[in-house]
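Thanks for asking me to look this one over. My notes follow as numbered points, to be read with the model open beside them.

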Amino acid sequence: MSSQAPIEYRAIGSIRGPLIVVQDVDGVGWDEVAEIRLSTGELRHGTVLDVDRDLAVVEVLEGTAGMRLDSARVAFSGSPMQVPVGEGWLGRACNGRGEPIDGGPPITGGERRPVAGTPINPAQRAAPNEAILTGVSAIDGLATLVRGQKLPVFSVGGLPHLELAAQIAAQAHVAGEPFAIVFAALGLPHADVHSVRSVLERRAQLGDLALFINTADDPVVERIVTPRVALTVAEHLAFERGRHVLVVIADLTNYCEAVRQVSAARGEIPSRRGYPGYLYSDLASLLERAGRIKGLPGSLTQLPVLTMPAGDITHPVPDVTGYITEGQLVLSPELYARGISPPLDALGSLSRLMRHGAGPGLTREDHLEISAQLYGIAARARQAADLAEVVGEDALSDADRSYLRARTTFEREFLTQSFGEARSVEQTLDRAWAVASLLAPEELSMISPPTLEARYRPASRDGAPDPTR
Amino acid sequence: MSGAVVTRVNGPVVELSAGEGLAMRDLVFVGPEQLPGEVIALEATRAIVQIYEYTGGLRPGDRVHGSGGPLTVELGPGLLGGVFDGVLRPLHSVGPHIERGGASRTLSEERNWRFVPTIGIGDLVTSGSKLGTLPESAAIDHHVLVPIGVEGRVEWIVPEGDYHVGDVVARVGGHELGLSQRWPVHRPRPVSARLPPAEPLVTGQRVLDLLFPVARGSTAAIPGGFGTGKTVALQQIAKWCDAAVIVYVGCGERGNELADVLQEFEALKDPRTGQSLLDRTVLIANTSNMPVMAREASVYTGVAVAEYYRDMGHDAVVIADSTSRWAEALRELASRTGELPAEEGYPAGLSSALANFYERAGRVRTLDGAIASVTVLGAVSPPGGDLTEPVTSHTRRFVRAVWSLDRDLAYARHYPAVSWRDSSARDSDGLATWQAEHGDPGWGERRTQTLRLLTDADRVESIAQLVGADSLPASERLTLRVARLLREGVLQQSAVLPGDEYTTPAKQRALLELVLEVHARMQALLEGGTPIARLDAFDLSPVVSARFETTPEGAAEVNQIATELIGALDSLEGRR
């Protein structure tokens with residue numbers, strides 16, 4: 001391990017999926033990094049998944065295609081995987097293992113950190129407060145993203161979740177404090193990567209964006225490493241360089257597929273739908289790297305995007321994720337079909353930490369009240385819509401009809417927003433009030449009288465009952 | 001034990017070359033960093049160990065040291081107000097990240113404790129009897145007990161004074177005793193007798209105390225999918241329930257939640273003692289990103305701490321959030337050791353492991369003769385909200401109360417989202433008797449009536465969705481309205497409004513009686529010929545706001561509101 005050149009092993013006992021079994025090894029540790037040199041001279045990388053006396057099971061990041069039992073040479077590095085950290089990553093685009101794909105030189109740095117990370121001491125965590133503003137009304141207004149939070153986007157294939165993620169990555173800010181975006185693409189098609197990169201062009205030029213890209217045709221196993229590399233870089237920027245870092249990971253479902261594939265190749269006992277029983281712990285080891293630490297200025301916030309297979313929120317991937325994250329933003333195919341974009345399902349979405357990051361002294365004093373009221377309106381409007389389906393809209397009470405009207409405005413004026421439009425909190429909340437002001441004041445039970453007095457502005461509408469009665 | 005080396009490393013599961021000299025459940029230290037682990041399988045030439053830390057870099061050939069005994073934890077003054085990991089290592093004294101290795105002592109050796117002996121030289125004492133007392137926190141007196149297995153004459157004891165946990169304070173039957181003692185977490189601490197549950201544990205949460213109560217020393221499970229408010233519900237119970245000591249085990253859950261608990265508990269005052277809530281709380285944190293195997297130990301560690309305080313005569317409550325994550329740790333372990341899976345990959349021993357855990361709850365007569373209890377409340381996180389999955393279905397068989405959280409209620413922002421259809425409370429009959437003996441003979445009847453009303457309303461609601469509420473008979477429209485009143489005025493409870501965070505039993509009773517009285521009067525008015533439209537026009541909003549516009553202790557204020565409202569209702573009859 002010390003100063004001598006590492007020993008090269010030539011005996012590969014078997015190859016199965018992304019795994020190789022190296023024989024006659026000595027002194028190889030668990031989770032160590034391996035370098036595999038093929039007879040063609042090509043270099044591949046791997047990590048040790050299991051070491052049993054003189055046998056080591058190695059997961060090959062670039063895949064095993066073209067490997068032969070008799071012609072590869074394997075060397076072990078003596079330690080678990082590490083990456084260089086520092087500001088050098090900002091403004092750069094790399095593949096899923098951190099090698100540049102932008103024509104620039106390799107990223108080096110004085111310091112290296114293990115990609116596995118070390119768990120944040122829960123007793124030293126600072127409770128998240130203060131928002132990251134995304135400029136998207138649906139998020140800022142209803143489910144505010146808070147620094148140190150992990151808030152996923154649950155979507156379905158065919159919905160514009162990537163456009164939304166790219167918009168957030170392009171627009172997000174923390175009111176002038178040092179900020180950075182780390183974007184990790186996992187198994188995305190080239191076309192999607194291209195459009196994401198073009199949206200983020202300006203941010204990259206400003207030097208506060210690090211990009212890690214694993215495309216759909218890149219090696220599957222590499223996807224297991226990509227988020228860890230990205231998070232290690234982000235942690236350093238956050239907790240050692242004092243920046244507020246937002247990590248966007250898309251698509252987390254592809255990551256889980258990779259975990260399942262490796263698990264199957266190892267012959268592990270599956271739990272739900274073939275996913276390994278440790279999927280929860282594995283995802284938590286990524287997502288729990290979000291947070292704030294007492295006495296340190298920076299923060300690490302995560303916004304993972306995942307597609308729910310068959311739109312099923314009880315599928316293991318969204319289910320396990322939802323148990324780890326502090327809320328979720330759910331996109332709805334039904335809304336999108338009606339032309340509402342971004343199609344955020346208000347009732348299914350929730351930011352658990354919102355009350356710590358929004359409201360008086362943080363965003364605007366009426367924020368929590370009006371957002372609670374919008375949820376209330378959405379819930380009541382849904383009941384009214386369900387009832388209208390049965391008895392017809394004409395048979396609804398005046399109040400129910402006013403809820404349906406408010407819902408229409410909510411969807412068209414508040415939710416609907418182009419992917420290039422950034423709205424300030426003021427603009428977002430004013431639009432929220434335009435919705436609430438369509439209802440009679442006594443319907444607005446979640447708003448205190450002083451706030452109502454200050455913000456309630458009914459528009460005069462023809463044929464509508466006088467809202468002040 | 002000499003010469004045992006690592007032969008295989010498979011994540012947190014490590015195989016050793018020799019099982020000789022080791023016992024099942026022995027604590028061992030592995031590799032150059034002395035990673036702690038526990039023996040979980042033994043063969044003549046092989047032992048399997050679960051390691052409580054990340055095993056990266058550990059390799060075959062690394063050496064192993066045995067501790068010579070099972071996993072034990074140190075119990076003594078200084079636990080209250082502290083934050084510990086799953087094997088009771090203090091987290092307050094560690095840096096921002098948890099590095100591995102490191103065996104720091106549970107209890108601070110620097111702190112001074114004012115120890116007052118309660119026995120004298122020559123007294124005969126047995127295991128579990130009291131040596132003396134010290135004020136551990138403003139809320140709790142800590143009784144120093146003779147350790148289990150020690151008895152005899154007191155040969156020597158210190159006078160009243162300030163001592164550290166490491167100091168010897170007495171000698172009994174040849175044993176030198178300090179302020180702390182060690183205990184193997186997997187072994188229940190002995191008691192002199194187990195007693196049947198009798199008195200209620202008042203949680204301060206109305207839906208629980210009124211409809212699905214749990215007795216001291218009993219068990220309850222809280223199954224709920226994500227987003228149903230499970231953690232908030234548990235935290236509310238941890239804050240406001242009337243136990244003396246709370247052991248909160250964050251097992252495989254979110255780190256930010258724990259930071260939140262710490263911050264809030266420090267700031268909040270216990271309404272009964274006026275002291276910081278942290279003063280009666282022990283936090284055990286094994287968040288989801290901390291080593292999985294320590295999760296397995298953490299729930300037992302929590303129960304052992306609770307039993308320790310129980311043995312001093314206190315009522316303790318263990319809150320385990322979440323037992324599903326603990327069960328997953330068992331599953332991961334079983335999978336890595338090649339055990340045959342039973343259901344969904346869980347080992348066949350899952351149900352007995354759950355039973356053993358919940359059976360450590362109980363109301364007991366301690367070895368010292370006091371009546372005390374450990375109540376165990378476990379959160380269950382069913383995958384996909386599926387209540388038929390193994391952990392949920394087995395847990396339901398072993399617990400006395402089930403507080404099932406309902407996604408539809410949570411969706412409608414009805415919190416706590418405890419379902420009246422899927423929840424149950426096997427202690428309720430016994431507690432009705434207790435209530436009757438303690439001045440409230442109507443308690444059981446009110447509970448039955450309330451549950452019937454809610455069930456009736458559910459049935460009527462489903463009809464109303466088909467035909468419209470307006471086509472229902474007047475009495476059924478009244479049922480719907482009163483059920484809504486019950487939900488909004490009694491069952492829903494805010495976790496943030498100061499008047500509503502918790503409610504004393506007297507105010508709970510007043511609120512429920514108010515709604516039931518309104519129902520009775522309105523029924524009478526209907527039968528007497530008052531048109532339903534007149535009743536519909538009657539403003540019942542004071543009933544809804546009574547819960548938060550009065551203080552938590554405001555039974556008298558609620559009764560005042562009731563008197564005025566019922567008076568107004570009665571005058572309807574007059575004006576007919």
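1. Let me begin with the distance between two domains of chain B: the centres of domain 2 and domain 4 of chain B, taken over C-alpha atoms, are 55 Å apart. Chain B is divided into domain 1 (6-70), domain 2 (108-179), domain 3 (193-425) and domain 4 (443-574). Domain bounds here come from an automatic or database domain assignment.

2. A word on the model before going further. This is a predicted model, in which local features need pLDDT of at least 70 and side-chain atom pairs count only at pLDDT 80 or more, while totals for chains, interfaces and linings use all residues. Residues are numbered from 1 along each chain as its sequence is written, and chains are lettered from A and ligands numbered from 1 in the order in which they are written.

3. Now the overall build of chain B. Its C-alpha atoms fill a box of roughly 95 × 55 × 40 Å along the principal axes. For 576 residues, a compact globule would have a radius of gyration near 25 Å, and the 27 Å of chain B agrees with that. The radius is taken over C-alpha atoms, and the globule rule is 2.2 Å times the number of residues to the power 0.38. Of the 576 residues in chain B, 54% are buried. A residue is buried if 20 or more other C-beta atoms lie within 10 Å of its own, exposed if 12 or fewer, and partly exposed in between, with C-beta atoms placed from the backbone.

4. The secondary structure of chain B comes to 15 helices and 26 strands. These are DSSP runs numbered from the N terminus: helices are H or I with at least four residues, and strands are E with at least two. One open sheet of chain B has four strands in the order 12-11-9-14, with antiparallel pairing; two strands pair if DSSP finds at least two bridges between them. Strand 12 (141-145) and strand 14 (161-163) of chain B are the edges, each with a single partner strand, so one side of each has no neighbour in the sheet. Within strand 14 of chain B, B:Gly161 stands opposite B:Phe115, and three bridges connect strand 14 to strand 9 (residues 113-117) of chain B.

5. Turning to chain A, the domain assignment gives domain 1 (8-80), domain 2 (83-354) and domain 3 (367-455). The centres of domain 1 and domain 2 of chain A, over C-alpha atoms, are separated by 30 Å. Their contact takes 13 residues from domain 1 of chain A and twelve residues from domain 2 of chain A, where contact means C-beta atoms, placed from the backbone, within 7 Å. Strand 5 and strand 6 (55-60) of chain A each supply at least two residues of the domain 1 side.

6. Chain A has 14 helices and 19 strands. Its 469 residues would give a compact globule a radius of gyration near 23 Å, and the 25 Å of chain A agrees. Buried residues account for 52% of the 469.

7. An open sheet in chain A is worth a look: eight strands in the order 9-15-14-16-17-13-18-19, with mixed pairing. Strand 9 (93-95) and strand 19 (350-351) of chain A stand at its edges with a single partner strand each, so one side of each lacks a neighbour in the sheet. Strand 14 (residues 179-188) and strand 16 (residues 244-250) of chain A run parallel, joined by seven bridges; A:Ala184 has A:Ile249 as its bridge partner in strand 16. Helix 3 (residues 190-199) of chain A lies across strand 14 and strand 15 (209-215), at about 165° to strand 14 of chain A. Axes are lines fitted to C-alpha atoms, for helices over the stretch in contact, and angles run from 0 to 180 degrees between N-to-C directions.

8. Finally, how many residues does each chain give to the contact between chains A and B? Chain B gives 54 residues and chain A gives 53 residues. Helix 3 of chain B gives the most to the chain B side, with seven residues. Strand 5 (residues 43-52) of chain A and strand 1 of chain B run antiparallel, joined by two bridges, and A:Val51 stands opposite B:Val9.

Note on methods. Two residues are in contact if their C-beta atoms, placed from the backbone, lie within 7 Å.
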